[in-house]
Amino acid sequence: FSMRKPSHEDEKPRILCIFARMKESLSNRKIAVLLSGGVDSSVVLHELSRIGLQPDCFYIKIGPEEHEEWDCSSEEDLEMAGAVAARYGCRLEVVDCHQEYWNQVTKYTLEKVKAGFTPNPDVMCNRLIKFGAFDEKKGHEYELIATGHYAQTEIIDGHKWLVTSPDPVKDQTDFLAQLYDWQLRKALFPIGHYRKEEVRQIAEREHLINAKRKDSQGICFLGKINYNDYIRRYLGENEGEVVELETGKCIGKHKGLWFHTIGQRHGLGFGGGPWYAVRKDVKRNILYVSKGFEPATAYRRDFEIADFHFLTLPVEMEDVCFKIRHTPEYHKAKLEKRGNGAYTVHAEKPVQGVAPGQFCVVYDEQHHRCFGSGEIAWSCSEEL
């Protein structure tokens, strides 16, 4: 794809057209806006307000611990969300999804990590919490749920499809690729047609309180908590050998396979590198590393995905694009259908860091329409 950034004059007709369509389609619709305290969701509320809407706003309370007090960052998020809602004359309600998050997302993450996989809790948060538990508690009272995701939707042949944002770096369709069809039908992404810099410009122009606030980084529920510290708290440490894949030589010890992911380079802590994590043997608690990071050890062209989830409806998939992590990079591939929701991915070029447990998100050849996603399924132990 092209990374060229269109000029303001290039974009103006497109934005005005989208604005007009949004105004026409959303009149008299009952809309819930999920405010996080960040700039993206705040601009969502601005965009809806400027077409004459006054939606109800909600702040979803979540956190990593089963029982915890709110930390400073959560309090600041809520304060920001409240200020933005008040600015536009909208009411803000806190919806406590804390226990649901623990039961459904946090436990999913810990179980996957313990088994040697590389989970994506943000994907499950969208399916199970933002468009799941929230809908059960309050969202069912509304026709649409608006969020600050960088994604778009299109009606194609009478069906609503998830399509990519014009901002390739911020595009978040990969985080939405496990939504159920009914959730996608209720989803509204009012800033999905913008690039990040445009959203910042709107926030600054409108003097929003969080216009210059930094984007949150990392896993949604952790806040400022270090990921490895969090994993250590619940899974502890489990020392094992670190072995060079090519020679079978033990070069050191690891403190737990769950602290490492396939493709990892930083944080291994061994001299004579650089070293890359390339394989795990969960049964024998061995982490395999490679110094050269050669395609034969750290890259894959062919891998399996299981339980493929179609977003809108099943389609024939053969020549496609895909991504396995949140990057602007798409990979071309052919898919071979195996049955029971399983596919073999035959990538055009070797792909670095393919790890079991990741979601492989599949798009059309133009990486425009998102078909859905499946979990990379090859076994850690089968590789060795």
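Visitor: Why does aspartate 157 count as exposed?

Guide: This is a predicted model, and in it aspartate 157 has a relative accessibility of 74%. Exposed means over 50% relative accessible area, so aspartate 157 counts as exposed.

Visitor: Where is aspartate 157 found?

Guide: Aspartate 157 lies in the loop between strand E5 (152-156) and strand E6 (159-163).

Visitor: What is the phi value of aspartate 157?

Guide: Phi of aspartate 157 is near 55°. That is a positive value, and the residue is one other than glycine.

Visitor: How do you know that histidine 207 is exposed?

Guide: The relative accessible area of histidine 207 is 67%. The cut-off for exposed is over 50%, so histidine 207 is exposed.

Visitor: Which helices stand on either side of the loop that holds histidine 207?

Guide: Histidine 207 has its place in the loop between helix H8 (196-205) and helix H9 (227-235). Phi of histidine 207 is near 55°, a positive value in a residue other than glycine.

Visitor: What makes a residue of this chain count as buried, and what share of the 384 residues does so?

Guide: A relative accessible area under 20% makes a residue buried. Of the 384 residues in the chain, 54% count as buried.

Visitor: How many helices and strands does the chain have?

Guide: The chain has 10 helices and 17 strands.

Visitor: What part of the accessible surface of the chain belongs to carbon and sulfur atoms?

Guide: Carbon and sulfur atoms hold 48% of an accessible surface of about 18200 Å².

Note on methods: Residues are numbered from 1 along each chain as its sequence is written. This is a predicted model: local features need pLDDT of at least 70, side-chain atom pairs count only at pLDDT 80 or more; totals for chains, interfaces and linings use all residues. Side-chain values use heavy atoms; hydrogens and water are left out. Helices (H or I, at least four residues) and strands (E, at least two) are DSSP runs, numbered from the N terminus. Buried means under 20% relative accessible area, exposed over 50%, partly exposed in between (1.4 Å probe, protein chains only). Accessible areas come from the Shrake-Rupley method with a 1.4 Å probe; for residues, only the protein chains shown count as cover.
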